[in-house]
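Here is a friendly walk through the core, the disulfides and a pair of strands. Have a look at the model first, then read on.

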Amino acid sequence: MRAALHVALRVARIAAALGWAAFTAWLFVYDMPLSGLHALLGVWALWPSRAHAARVAGAVRVVAAVAIVGTSVVTVPLIGLPEYAATTNRLHCRTLGFMGKRASADCDPEEVARGASASRRNASLFTARERLGVHGFNHVLALGGLAVGLPEVAWETAAMSWTPDPLPADASVDVRRAQCRASYGDAASRRAALAEPVAIDSDFPMRSARVRTAVARGLVGLPERAGAQRSLGEIHFAYGGTDNVAYTQALVNDSARVALALEVGDSRLALARRADGDADVTWTGTIHYPGDDIAFVGTIPTLWGPRVLRVSETVFCGMQVDGAMNPFVLTHRWTVSEDDPRLWRDSGVSERGLLESAAWAFAMAAG
């Protein structure tokens with residue numbers, strides 16, 4: 001038993017070390033070298049000693065691991081966040097230049113001009129290394145989504161990195177810019193090149209009270225004959241738009257998990273009567289990153305002066321412009337019966353997981 005436990009712990013440490021090594025490699029690729037060097041010590045500390053005779057070395061590694069974690073309290077805010085902010089803001093401002101949008105005051109004029117130049121020449125916006133770095137960050141966000149109970153958001157985020165590039169080789173600047181407007185429903189969005197559509201058999205949207213209510217009301221007017229169809233139109237979860245305040249409202253009034261995964265411009269529902277009397281339901285929407293939406297965190301003090309810290313969806317827009325991340329139409333499809341209690345007894349109730357319920361309780365307590 002002890003030998004089996006020793007093997008299991010060794011395997012777990014190796015797996016943790018390899019995972020941390022991948023994260024460390026991403027830090028270097030994302031132009032965060034000082035953070036990468038610090039993280040590299042963590043790989044060494046996690047890697048298990050090869051023999052029982054190496055107990056002293058093992059003890060040293062334990063002490064080193066504790067020291068590394070302890071010093072992170074200082075190195076992350078003073079070094080890690082400034083390095084992250086520098087790279088993210090550089091790519092963010094360059095994308096604004098390509099899209100012809102007004103840059104914020106903190107943007108480096110040279111990066112904005114570089115993006116504008118790429119637009120005039122219809123050239124690549126990011127380098128291969130920069131694209132690899134953003135892919136890595138995208139997967140870090142996906143893992144974070146899984147960790148906090150947002151698996152649908154995590155899958156959509158990762159899928160955009162793995163979806164094949166639908167842009168033709170001779171795509172114009174207008175078409176490339178349209179990739180960031182794929183769900184907007186305007187003339188520009190219709191020029192977007194979409195990847196192959198994806199359909200999932202899942203009633204995940206039914207976690208939302210807005211979906212339940214819309215389906216319940218739609219069934220009342222759906223003819224009984226097999227094959228009858230009814231469009232329920234667009235449905236939105238983030239009240240008042242897609243900014244942070246709207247998502248907070250979705251958390252309080254509906255389901256933040258559904259809003260984060262399915263709040264897109266062309267989010268819509270439809271019903272179709274089955275031969276057995278039940279109804280097929282479909283939610284359809286275009287999954288993409290907009291070009292004018294960022295999560296602004298704030299300005300932080302650093303050793304190099306104040307830096308703007310943001311999680312920028314504009315950077316992911318730049319990836320779509322280059323065909324490195326790609327929009328696609330997603331469909332959730334499921335079947336409901338007339339006596340489904342979620343439609344009648346619980347139509348106004350959203351489902352919330354443990355973490356979402358905790359966030360909801362905090363939001364309510366905060367007023």
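In the largest nonpolar core, which has 58 residues, Val 215, Trp 283 and Val 336 touch the most other members. A nonpolar core here is a set of buried Ala, Val, Leu, Ile, Met, Phe, Trp, Tyr and Cys residues joined through side-chain atoms within 4.5 Å; buried means under 20% relative accessible area, exposed over 50%, and partly exposed in between (1.4 Å probe, protein chains only). Setting aside neighbours within four places in sequence, the contacts (heavy atoms within 4.5 Å) of Val 336 include Met 206, Val 215, Leu 219 and Leu 343.

This is a predicted model: local features need pLDDT of at least 70, side-chain atom pairs count only at pLDDT 80 or more, and totals for chains, interfaces and linings use all residues. Residues are numbered from 1 along each chain as its sequence is written, and side-chain values use heavy atoms, leaving out hydrogens and water.

The whole structure holds 2 disulfides, each a pair of cysteine sulfur atoms within 2.5 Å.

| Disulfide | Sulfur separation | S-S torsion |
|---|---|---|
| Cys 93 and Cys 107 | 2.0 Å | about -85 degrees |
| Cys 180 and Cys 317 | 2.1 Å | about 95 degrees |

Cys 180 and Cys 317 are both buried, and the torsion of their bond is about 95 degrees, so this disulfide is right-handed.

Now for the strands (DSSP runs of E, at least two residues, numbered from the N terminus). S2 pairs with S3 (residues 268-273) in the antiparallel sense over 5 bridges; pairing requires at least two DSSP bridges between strands. Arg 230 has Leu 271 in S3 as its bridge partner.

How values were computed
Helix = DSSP H or I, 4+ residues; strand = E, 2+ residues; numbered from the N terminus.
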